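Student: Could you go through this model with me? I would like to start with the overall contacts and then move on to the strands and charges.
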Amino acid sequence: DHVGRFLRQRLGWSVQKPARRARERHEAAILTWQSEQFPRIVQAAQQRQAHLVFLDESGFFLTPTVRRTWAPRGQTPVLHAWDRRDRISAISSITVSPKNQSLNLYFALLPDNQNVVGEDIVSYLRCLKAQLGTPLTILWDGSRIHDRCGVVQGYLSQHPEIHTERIPAYAPELNPDELVWAWTKYSRLGNLAAQNTEALRDFIRTELSFLRRHPERLASFIDKSLPNLLTG
């Protein structure tokens with residue numbers, strides 16, 4: 001207790017949860033991407049009058065994500081949940097318009113217990129292109145389903161108005177769409193013990209739709225991942 005008081009009062013420290021970073025990260029390459037490559041990507045997108053699209057995939061499980069919560073001392077809360085791995089895979093993207101930098105969130109939820117495959121990415125890109133109606137610059141990670149999937153690359157080869165850029169490996173913090181998942185899973189749906197995947201799907205759709213109606217939250221995600229994008 002004495003050490004804790006000293007750290008708080010004298011040094012101004014606080015109790016924090018460490019951020020996990022992969023040992024495989026190439027820090028110099030990440031810094032170069034942030035300072036040189038990303039500004040080039042943004043400038044090229046503006047010249048093409050293209051939407052910036054930060055895209056990612058994730059999954060929601062029927063087993064709840066357990067988070068700390070309040071309860072009477074000595075009475076640990078119990079979540080009565082199904083002990084099985086039923087899941088809902090999802091694709092989402094934060095988009096930034098080329099003219100006024102307006103923000104939006106688009107998402108798609110796959111059928112129960114289905115992994116995202118190349119055909120799903122193509123279907124998502126096709127719908128996104130139809131809704132935005134302008135050239136696209138897509139930023140995503142180097143997942144096999146992106147850069148090494150024949151179906152996806154075949155579609156992209158037929159649509160030169162869609163450019164893709166890879167976010168550095170092991171640097172998910174550079175993709176603001178990752179914060180969509182973090183906010184949804186750990187903040188809004190933490191400790192959710194859904195009765196079934198149908199109920200889970202309704203909760204996911206509700207929270208993602210909430211984000212669509214609150215672009216200021218999307219802006220906070222971008223500011224966290226890529227400061228100055230919306231003001232530079």
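Student: Of the contacts between residues at least 6 apart in sequence, how many join residues at least 24 apart?
Tutor: Among those contacts in the chain, 76% join residues at least 24 apart, a contact being heavy atoms within 4.5 Å. This is a predicted model, in which local features need pLDDT of at least 70 and side-chain atom pairs count only at pLDDT 80 or more, while totals for chains, interfaces and linings use all residues. Residues are numbered from 1 along each chain as its sequence is written, and side-chain values use heavy atoms, with hydrogens and water left out.

Student: OK, and which secondary structure elements does the chain have?
Tutor: The chain has 8 helices and 5 strands, taken as DSSP runs numbered from the N terminus, with helices being H or I of at least four residues and strands being E of at least two.

Student: Is strand β4 buried or exposed?
Tutor: Because 5 of the 5 residues of β4 (residues 136–140) are buried, the strand is largely enclosed by the rest of the structure; buried means under 20% relative accessible area, exposed over 50%, and partly exposed in between, with a 1.4 Å probe and protein chains only. L136, I138 and W140 cover one side, and T137 and L139 the other.

Student: Which strands pair with β4?
Tutor: Strand β1 (residues 51–61) runs parallel to β4 and is joined to it by 4 bridges, and strand β5 (residues 162–166) also pairs with β4 in the parallel sense, over 5 bridges. Two strands pair if DSSP finds at least two bridges between them. T137 stands opposite L52, and its bridge partner in β5 is H163.

Student: Switching to charges, how many salt bridges are there?
Tutor: The count comes to 9 salt bridges, each being a side-chain nitrogen of Lys or Arg within 4 Å of a carboxyl oxygen of Asp or Glu. One of them joins R201 and D112, at 2.6 Å from N to O. This pair links distant parts of the chain, with R201 in helix α7 (residues 197–212) and D112 in the loop between β3 (103–109) and α3 (118–132), 89 residues apart.

Student: And what about R188, what does it bridge to?
Tutor: R188 forms a salt bridge with E207, the closest N and O atoms being 2.7 Å apart. R188 lies in helix α6 (residues 177–188) and E207 in helix α7. R188 is partly exposed at 41% relative accessibility, whereas E207 is buried at 9%.

Student: Which residues are linked in a network of salt bridges?
Tutor: R25, E27 and E173 are linked in such a network.
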